[in-house]
Amino acid sequence: MSSRRRFYARPLLATAASIVVLTGVASTAPAATPTTSPAAALDDTYYQDALGKTGTALKSSLHTIISDQTKLSYSQVWDALKATDEDPANSSNVILLYTGRSQSKSENGGNTGDWNREHVWAKSHGDFGTATGPGTDIHHLRPEDVQVNSTRGNKDFDNGGSAVSGAPGNLTDSDSFEPRDAVKGDVARMILYMAVRYEGDDAFADLEPNDKVSNGSAPNIGRLSVLKQWSQEDPPDSFEQNRNEVIFDRYQHNRNPFIDHPEWVEAIW
């Protein structure tokens, strides 16, 4: 573990705990309420090499910073998600990403009604599967209802479509998926994290967003213009910030910079 992580892990955990205690989150859909990022204190430490940069220089600096991480196996992801996505109102449950449903942590698996591991950056986009690395990176893996996960499949993200059964507020059509309003920004920031973290220098594909749908197995996901809009309209809330802290402190020891600094979305793209 780097000296950067050793010095800052404990204060951030305390901050994360205070967020959960003070704000709370409804068991159905965490409110997308803008809050002051608890990571602001990291600007002179964790993010020091990225400050003042824009464009490709900022993207390159952030890649170097967040690539310093602990990697999980795919089986370890189950237990990690039970902590990262825990319902603040019920510690026995997790909040499912698209449905917003609070569900027992023990009801995970592959049967109808269970929750499973949703790859927000679809694992076929770049063909990384469930390999340790992008296939197990919990910054973009979230609990989701088995059937809704299947409905999303490997579709790109875009606006429009028909209502998704069992997931109010979500829409889908033949080539895209639109998540509910409360997590649109979450989805965007997870996709953009993946684009910065995986640049093709670690035996995996160079993942990049584009402004298309129907990307198939290419290492791309769209639409970038829509994702940028979602990130702006749905800024990080306490649930998303706390999730970032738990991943940093307990599991991967790296951060999603677009949760800490949403303005960096426009600075890069």
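**View 1. Threonine 54 is an exposed loop residue.** Threonine 54 counts as exposed because its relative accessibility is 54% (exposed means over 50% relative accessible area, buried under 20%, partly exposed in between, with a 1.4 Å probe and protein chains only). Threonine 54 sits in the loop between helix H1 (3-23) and H2. Helices (H or I, at least four residues) and strands (E, at least two) are DSSP runs, numbered from the N terminus. Tryptophan 264 is 210 residues away from threonine 54 in sequence, yet 7.8 Å away in space, C-alpha to C-alpha. This is a predicted model, where local features need pLDDT of at least 70, side-chain atom pairs count only at pLDDT 80 or more, and totals for chains, interfaces and linings use all residues. Residues are numbered from 1 along each chain as its sequence is written, and side-chain values use heavy atoms, leaving out hydrogens and water.

**View 2. Strands S1, S2 and S3 form an open sheet.** The order is S1-S2-S3, with antiparallel pairing (two strands pair if DSSP finds at least two bridges between them). Strand S1 (86-87) and strand S3 (102-104) are the edges; each has a single partner strand, so one side of each lacks a neighbour in the sheet. Two bridges link S1 to strand S2 (residues 90-95). Glutamate 86 faces valine 94 in S2.

**View 3. Strand S5 is mostly covered.** Five of the five residues in S5 (residues 141-145) are buried. One side carries Leu141, Pro143 and Asp145; the other carries Arg142 and Glu144. Strand S4 (residues 115-119) runs antiparallel to S5, joined by five bridges. Glutamate 118 stands opposite arginine 142 in S5.

**View 4. The largest nonpolar core has 39 residues.** A nonpolar core is a set of buried Ala, Val, Leu, Ile, Met, Phe, Trp, Tyr and Cys residues joined through side-chain atoms within 4.5 Å. Leu62, Tyr98, Val120, Phe157, Val187 and Ile191 have the most contacts inside this core. Helix H2 (55-66), H5, H6 and H9 each supply at least two of its residues. H5 gives the largest share, eight residues. Apart from this core lies another, of 14 residues, including Leu81, Val94, Leu96 and Leu141.

**View 5. Helix H6 has buried residues covered by other elements.** In H6 (residues 224-233), Leu224, Val226, Leu227, Lys228, Trp230 and Ser231 are buried. Their cover includes strands S6 (156-157), S9 (176-178) and S10 (208-209), and helices H5 (184-197) and H9 (264-268).

Key: Contact means heavy atoms within 4.5 Å.
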